Amino acid sequence: MTSDATTKTFTLTNDQTGESTKLNVLDGAEGPPVIDVRSMYADTGHFTFDPSFSSTGSCKSRITYIDGEKGILLHRGYSIEELAEKSTFLEVAHLLLNGDLPNKNQFENFKHDITYHTMVHEQINYFYRGFRRDAHPMAVMCGVVGGLSSFYHDSLDIWDPEQREISAHRLIAKIPTLAAMSYKYSLGQPFMYPRNDLSFAENFLYMCFGLPPEPYVVNPVLANAMDKILILHADHEQNASTSTVRLAGSSQANPFACISAGIASLWGPAHGGANQAVLEMLDEIGHKDNIPEYLERAKNKDDPFRLMGFGHRVYKNFDPRAGVLKKACDEVLEDLGINDPRLELAMELERIALEDPYFVDRKLFPNVDFYSGIILKAMGFPTSMFTVLFAVARTVGWVSQWKEMIEEPSHRIGRPRQLYIGAEKRPYVPINKRK
Ligand code: SDX
């Protein structure tokens with residue numbers, strides 16, 4: 001438990017007035033210490049200024065630790081490499097949500113709770129009919145998940161621990177069902193009801209690819225790859241979508257509305273939408289002979305083209321998830337006997353980029369999105385579903401972070417300030433007197 005009590009301070013001195021202000025330094029369990037600026041405006045009359053939060057800690061958290069310089073990612077102290085190799089997504093969900101890996105009894109209870117929340121109210125089926133069949137499934141998910149709260153008035157009291165837990169379980173369990181329904185709707189195929197005899201990953205694949213007229217046999221390699229992909233995308237500290245969920249939750253909005261806000265934020269190609277953008281980029285590059293031209297475009301500040309799947313705000317080393325995904329990619333493509341030229345192209349692109357000083361100097365390495373799309377494509381998902389799958393996994397992180405925030409006694413509504421650079425006060429001018 002880290003406290004606010006500290007003997008370490010930073011002293012700020014105002015060069016104009018000579019006044020000094022002491023700001024406390026807080027140490028975490030791992031990672032850089034923080035300068036506690038909560039009293040800074042009151043003490044100095046100055047705000048801090050950090051528009052993209054590159055140097056700002058927004059909260060205390062026990063859930064995920066990232067060391068961007070060393071390429072380390074821990075969930076409640078367990079490395080992502082070990083969890084991806086030895087755990088399951090549902091076990092990781094329990095770990096993120098409750099703080100520890102479950103014992104057998106706890107796992108069976110958690111699995112039962114999630115399994116028996118996977119169905120959605122029949123009325124929700126009608127939500128989908130309002131969308132065009134070619135609607136982007138992330139647009140569908142934003143709408144349908146936001147509407148979930150209208151079905152669960154019995155679990156909207158965020159101050160009741162039991163209702164918080166039920167809402168968290170409902171979201172973790174139902175979002176895969178809603179995601180699969182958005183895919184089926186785009187195909188004009190009937191929705192598949194969840195099956196309680198299948199694992200989380202098997203059930204998701206069944207709801208996506210199963211068809212009523214014939215039995216669906218889950219491919220264990222695909223189910224294992226799906227489970228691993230879900231683990232790798234489950235949580236990632238205070239990224240844009242998680243920060244969106246926390247800020248929405250700080251206003252005491254209900255958890256369903258908060259997760260819908262997180263889905264909207266994740267959709268952006270700079271964030272969770274990058275996995276779709278990587279495949280589109282590889283298809284646009286088309287052949288390895290074209291790589292140099294696109295790398296030059298990526299370096300050109302006047303060209304909006306960026307090397308999708310490369311770079312990261314925090315990782316200035318390899319994203320540990322990319323390495324695990326690359327291995328899973330090889331396994332899936334080999335098992336399915338698929339020789340996807342995009343994989344060769346991606347590997348050649350990675351090789352050339354990582355020899356280019358522009359990318360090396362800026363420490364732009366492949367991130368989680370660089371290889372995930374190739375596996376998902378091989379598994380049969382269209383690119384439009386890639387970010388939806390990211391949302392299915394990240395829902396576990398979002399609800400865990402939301403729950404941690406609500407349970408933090410000192411949490412208050414998030415309300416940043418600004419540096420105002422607009423017009424000074426001026427009188428109203430009637431329209432007939434305007435130039
Ligand atoms: C995710 O935050 C998380 O944890 C996110 C995530 C999670 O699990 O939640 O990890 C998931 O969102 C991964 C990132 C997926 N996005 C992409 O792959 C899109 C491509 N990447 C970039 O858009 C970018 O790298 C970001 C958005 C990921 C990071 O942006 P930053 O930290 O604001 O970095 P920056 O734009 O300030 O870049 C620093 C420099 C700039 O050049 P200079 O001004 O120094 O000359 O690097 C350049 C940028 O132009 N640069 C790139 C680049 N990424 C950064 N140049 C070409 N291609 C790129 N991909």
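The structure is a predicted model. The protein chain contains 18 helices and six strands. With a radius of gyration of 24 Å, close to the 22 Å that the globule rule gives for 435 residues, the protein chain is as compact as a globular protein of that length.

**Overall build**
- Along the principal axes, the C-alpha atoms of the protein chain fill a box of roughly 80 × 65 × 60 Å.
- Buried residues make up 47% of the 435 residues in the protein chain.
- Among contacts in the protein chain with a separation of 6 or more, 69% come from residues 24 or more positions apart.

**Sheet β1-β2-β3**
- Three strands form an open sheet in the order β1-β2-β3, and their pairing is antiparallel.
- β1 (9–13) and β3 (34–35) are at the edges with a single partner strand each, so one side of each has no neighbour in the sheet.
- Strand β2 covers residues 20–26 and is joined to β3 by two bridges in the antiparallel sense.
- Val 25 is placed opposite Ile 35, a residue of β3.

**Sheet β4-β5-β6**
- Another open sheet of three strands runs in the order β4-β5-β6, with antiparallel pairing.
- Its edge strands, β4 (64–67) and β6 (78–79), each pair on one side only.
- Strand β5 (residues 72–75) is paired with β6 over two bridges, again antiparallel.
- His 75 has Tyr 78 of β6 as its bridge partner.

**Helix α6**
- Helix α6 spans residues 137–147, and eight of its 11 residues are buried, so this helix is largely enclosed by the rest of the structure.

Key:
Residues numbered from 1 in each chain as written. Predicted model: local features only at pLDDT ≥ 70, side-chain atom pairs only at ≥ 80, totals over all residues. Heavy atoms only, no water. Pairing = 2+ DSSP bridges. Helix = DSSP H or I, 4+ residues; strand = E, 2+ residues; numbered from the N terminus. Rg over C-alpha atoms; globule rule 2.2 N^0.38 Å. Buried < 20%, exposed > 50% of the residue type's maximum accessible area, 1.4 Å probe, protein only. Contact = heavy atoms within 4.5 Å.
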